[in-house]
Amino acid sequence: MTYRFVRPIVAALCLASATAAATDLIPVSDFARRMPLTSPRLSPDGQYVSLAYHDPDGKNHGLAIYRVGDMSKPATLIRMPPYEMPADMVWASPTRLVVARGKVDGSIGAASYTGELMAIDVDGKNPDYLYGFEAYGKRAATRALDRGWGTIEGAPVQSNGHFYMRATAWADQDRSTLYDVDAKTSARRQMADIGLGRMSFMIAPDGTPRFAFGTNDDFKWVVFHREGSGWAKVPESEERQNFTPVATVAGNGNRIYAVSSPDGKGGEFVEQDEDGGNVRVIRKDDFSEVASSGLWTPAPLRPFGTVATTGVPQATYIDPQAPISKLHMALSQKFPGNFLSFVDFSEDGGLLMFKVASDREPGRYMLIDTKTYKVSKLFDAQPWIDPKQMAERRPMRFKASDGMELEAILTFPKGRSEANLPMVLLPHGGPHGVSDEWFFDRDAQFLANRGYLVLQVNYRGSGGRGSKFERAGYLKWGTRVQEDLIDGVKWAIAENFADPARVCVFGASFGGYAAMMTTVRAPGMFKCAVGYDGIYDLDMMYNKGDIKDRKSGRSYLTTVIGKDQADLAANSPTHLADKIGVPVFLVHGEDDERAPFAQFKAMRAALDAAHKPYETLTKPDERHGFVKPENIEEFYNRLQAFLEKNIGSGQAPAVSAAP
């Protein structure tokens, strides 16, 4: 489950200074560069930081381990094959690291797990293959091949050289098995087993699995409670939908923290007995889900605060007087305008790695000694980005045409008047369980730097608003979802933010689909449309692309787009090309597996048959979103030229502030 650290904004926009000039154009290359280091994890003794390392070419990746006192160069650097990267990591001991291998799915896709797990010493020695389909490593003699998927499920509270692994065999995909694994010898001990695939486990600090939960093959959320040697299904509840156990409560092994969606609307964070009794609501929000991400104590790892999943983030503490709450509060005051997330503690709690990030700050990773309170910087996520040059992102709410309240995020060009701006509608991908958020957004910042107002709408089907809101987008890809986006444009125009004569739509993945469909559903509203690695033929999703390859993926498609051929055709841009009345720019990676290149070919053929104007940009050796900086830079330059040609340049003199 994905959580966002956001809540409604309370601060007013800062006006430009009286001497402000139009925003300086930031080089396109600065937006095209890839982050060199991601996914940091602090070793149990606080001496090392492990990270996923990314070469500037966007193609090659690896594992980097730095000494905390010297981030200038890695103590250990292990390069992986092209388009492979660490998808997850956990320290089994101060000197032993476990890595889940993954494949890069492109810049707009997530790293997908290969199902293989590796282990290595902090100095790069004693590598071992702990789980996977290759026959090598210490386990090869007894378990030559593990034909299945292995994932990291956590580690014991006190590091002992072991970690927790969840595995699902290819031959028995309706089963999830949890193991305690020795990261040095590869020996395994089964901890739990349940007859459903892709289940996650909540493991108590004493090492006992208490709950299993996840989405079943019918695309339904299910939760099971450990009872004796078996599992009992937690009854579904309309009052508490998508119930998910989070952690045990300190000092009381029979009580847990959990999140759910009351009546499917918004969210709540509660403390309760394991059997569901004696519920105490800690926080409830009728609009947003409630999460605890980034607000956890050191071992034994329990949440100390919550944050709503829409708007601008602000922590609410379970116990404001607790020392950990006071520490978070004091640090937050040192970084105004940012949200502060606790990333990792050393095992003794003496060192804390935390992250500060905002709409304009891509992220700084810091370290604090919790005894001396000395703070030092580890690294910047994107050191070439100057937050002072970035644009404000402002979450707001509006009413859709049927009265549903929706969230929009507007990114305002820096130093410009907020009235009558050329605007780009930027629908997010997914679409389900995904949402736009307040934090730094590369596409939105690039467009705002070029003078365009950017509108992002968390339409029905998006995540972060509760189960009913997400399900409200099922079977509505081409209808109600598009109406929500169109209603957002109408709202921005009515508020005088956007110039109605200068509006374009640009989206990637599902957003590329929406870019074509909004022009069909609202003729005359848009002046151009840009589809980037988009889905354009819904029926093709059943025959091409990686979603269809698993039973769960096919169930997902049946649930969210249906199988009625007439409906699929009526909501596919390839069947509606004659109704697209604006210039189109199609961009696609030729090796895309999520939205295969056949989707691009079908859309291009449909535009040709309808005699519609369009431009294209395709690249070999690129997948779901370009990763090579030179290709991203070319795309951004072409995008800027396409927008200028169709809705004019976004550059104009800045507005002066009132004295």
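Analyst: Let us begin with two cysteines: Cys504 and Cys528 are both buried. Buried means under 20% relative accessible area, while exposed means over 50% and partly exposed lies in between (1.4 Å probe, protein chains only). This is a predicted model, in which local features need pLDDT of at least 70 and side-chain atom pairs count only at pLDDT 80 or more, while totals for chains, interfaces and linings use all residues. Residues are numbered from 1 along each chain as its sequence is written, and side-chain values use heavy atoms, with hydrogens and water left out.

User: What joins Cys504 to Cys528?

Analyst: A disulfide is a covalent bond between the sulfur atoms of two cysteines. Here the term is used for a pair of cysteine sulfur atoms within 2.5 Å. The structure holds one disulfide, and its partners are Cys504 and Cys528, with an S to S distance of 2.2 Å. Cys504 lies in strand β32 (residues 498-508) and Cys528 in strand β33 (residues 528-532), so the bond ties together parts that are 24 residues apart in sequence. Strands (E, at least two residues) and helices (H or I, at least four) are DSSP runs, numbered from the N terminus.

User: Is the disulfide of Cys504 and Cys528 left-handed or right-handed?

Analyst: It is left-handed, because the torsion about the S-S bond of Cys504 and Cys528 is about -135 degrees.

User: Now a helix. How many residues of α3 are buried?

Analyst: Helix α3 covers residues 442-449, and seven of its eight residues are buried. Among them are Phe446, Leu447 and Ala448.

User: Which residue caps the N-terminal end of α3?

Analyst: The cap of α3 is Asp441, with a side-chain oxygen 3.1 Å from the backbone nitrogen of Asp443. After α3 comes Gly451, which has a positive phi near 95 degrees.

User: How do α3 and α10 pack?

Analyst: For α3 and helix α10 (residues 629-647), the angle is about 45 degrees and the axes are 11 Å apart. Angles under 35 degrees count as roughly parallel, over 145 as roughly antiparallel, 65 to 115 as roughly perpendicular and the rest as oblique. The pair α3 and α10 is therefore oblique. Arg442, Asp443, Phe446 and Leu447 in α3 meet residues of α10, including Ile632, Tyr636 and Leu643. Contact means heavy atoms within 4.5 Å.

User: What is the angle between α5 and α6?

Analyst: Helix α5 (residues 480-494) packs against helix α6 (residues 510-521) at about 75 degrees, with the axes 10 Å apart. That makes α5 and α6 roughly perpendicular. Among the residues that meet are Leu485 and Ile486 in α5, and Tyr513 and Met517 in α6.

User: Which peptide bonds are cis?

Analyst: Look at the torsion omega. The bond joining Ala299 and Pro300 is cis, with omega about 20 degrees, and Pro300 sits in the loop between β21 (290-291) and β22 (305-308). The bond from Gly430 to Pro431 is also cis, with omega near 0 degrees. Pro431 lies in the loop between β30 (421-425) and α3.

User: Where is Asn278, and what is its phi?

Analyst: Asn278 is in the loop between β19 (267-273) and β20 (280-285). It is not a glycine, yet its phi is positive, about 50 degrees. Asn278 counts as exposed, because its relative accessibility is 58%. Asp533, in the loop between β33 and α7 (551-560), has a positive phi near 50 degrees and is likewise not a glycine. Asp533 counts as buried, because its relative accessibility is 0%.

User: Is His428 buried or exposed?

Analyst: His428 is in the loop between β30 and α3. At 6% relative accessibility, His428 counts as buried.

User: What does the side chain of His428 join in a polar contact?

Analyst: A polar contact is a pair of N or O atoms within 3.5 Å; within protein, one must be able to donate a hydrogen and the other to accept it, and residues adjacent in sequence count only if both atoms are side-chain atoms. The side chains of His428 and Ser462 are joined by such a contact of 2.8 Å. A polar atom of the His428 side chain also lies 3.5 Å from the backbone oxygen of Val434.

Conventions. Axes fitted to C-alpha atoms, helices over the stretch in contact; angles between N-to-C directions.
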